[in-house]
Amino acid sequence: YLHGICAMRMRLGARIPGISGRIVGGGDAPRGRWPWQVSIQYNGHHFCGGSLISAQWVVTAAHCFQYSYPQFIYRVILGEYQLFNPSPSRVASSVRQIIIHPNYSSQSADVALVQLTEPVRFTDEIRPICWLGSSDSSPDNDMCWVTGWGTTDSNVSLPSPKTLQEVQVQLIDFKACNTLYNIDPDPQIGRDPVKPNMICAGYAEGKKDSCQGDSGGPLACDHNGTWFLTGVVSWGDGCGKPNRPGVYIRTEAYGEWMWGHMQQHCLSLERT
């Protein structure tokens, strides 16, 4: 049911982006183009991205919460565009719970759900993105978009006012991605580091990529006019390096887990 509402909203209202010319190798996103993008903040500082998938749920990366801090110190910022210049559409939400995938490790299941304290009201600048269920076909367009407020190169901060960045990237399946990572492999990463529940995006020549601070954010693909969350920013070997495309958690592999927790919460509310 939630999936159907999301799909309808995206078909009616999504803006189809044109090709952009930092994230690494990208540029400023037009205001309101990516209404599911959120900033996850700790003590008022952005540290990870995320994607709104329903009125009360955000999906992000599990490694964003590798330290066991209490959930009350986190805030999820929705409808934001420039972090240092708050938008009129900005909504700050506290967090009810953080659910990390039980199989999460440094090599697998880098995905987490964040439940907002209260459902948010959808606007032109706050809307959910769809995610693929087991019965859906994967997007047939292999050119997708990654967005965030992360660094514009390794250890190069996004300059003030910290405008949301976008870059178009090409999907690369895990086998082809491993072929690239096996070229002069980093001994700390090893051979074949990309697993079947992951997907890569970028180019063999590098130059366009997500980077630090983009973790947990969306890899979004347009499929017949509907935007789908194809991946979650997870890891990489540097940023924008040749033969080292960004690695993303493939959300299709975790659709049942996400849906199960969201549905379980709905049922528990009905019982009360």
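In strand E7, Leu113 is the bridge partner of Val59. That link belongs to a predicted model. The chain in this model has three helices and 14 strands. This briefing covers the strands first, then the surface, then the aromatic rings.

**Strands and barrel**

- Strands of a sheet pair through backbone hydrogen bonds, and the pairing is either parallel or antiparallel.
- Strand E4 covers residues 57-60, and strand E7 covers residues 112-116.
- Four bridges join E4 to E7, and the two strands run antiparallel.
- E4 and E7 also sit side by side in the order of a barrel, E2-E3-E4-E7-E6-E5.
- Six strands close into this barrel, with antiparallel pairing.
- On average, neighbouring strands of this sheet are turned by 40 degrees against each other, direction ignored.

**Surface and burial**

- The chain has 272 residues, and buried residues make up 54% of them.
- Its accessible surface comes to about 12,200 Å².
- Carbon and sulfur atoms account for 50% of that surface.

**A tryptophan pair**

- A pair of aromatic rings is described by two things: the distance of the centres and the angle of the planes.
- The structure holds 12 aromatic pairs.
- In one of them, the rings of Trp34 and Trp227 have their centres 5.3 Å apart.
- Their planes stand at 85 degrees, and over 60 degrees counts as edge-to-face, so this pair is edge-to-face.
- Trp34 lies in the loop between strand E1 (27-28) and strand E2 (37-42), while Trp227 lies in strand E13 (residues 226-235).
- Trp34 and Trp227 are both buried.

**A tyrosine pair and its cluster**

- The ring centres of Tyr42 and Tyr74 are 6.2 Å apart.
- Their planes meet at 50 degrees, so this pair is tilted.
- Tyr42 is in strand E2, and Tyr74 is in strand E5 (residues 74-78).
- This pair links distant parts of the chain, 32 residues apart.
- Both E2 and E5 are strands of the barrel.
- Is Tyr74 buried or exposed? Its relative accessibility is 3%, and buried means under 20%, so Tyr74 counts as buried.
- Tyr42 has 28% relative accessibility, so Tyr42 counts as partly exposed.
- Which residues form one aromatic cluster? They are Tyr42, Phe47, Phe65, Tyr67, Tyr69 and Tyr74.

Key
Residues are numbered from 1 along each chain as its sequence is written. This is a predicted model: local features need pLDDT of at least 70, side-chain atom pairs count only at pLDDT 80 or more; totals for chains, interfaces and linings use all residues. Side-chain values use heavy atoms; hydrogens and water are left out. Buried means under 20% relative accessible area, exposed over 50%, partly exposed in between (1.4 Å probe, protein chains only). Accessible areas come from the Shrake-Rupley method with a 1.4 Å probe; for residues, only the protein chains shown count as cover. Rings of Phe, Tyr and Trp (its six-membered ring) pair if their centres lie within 6.5 Å; planes under 30 degrees apart count as stacked, over 60 as edge-to-face and the rest as tilted. Two strands pair if DSSP finds at least two bridges between them. Axes are lines fitted to C-alpha atoms, for helices over the stretch in contact, and angles run from 0 to 180 degrees between N-to-C directions.
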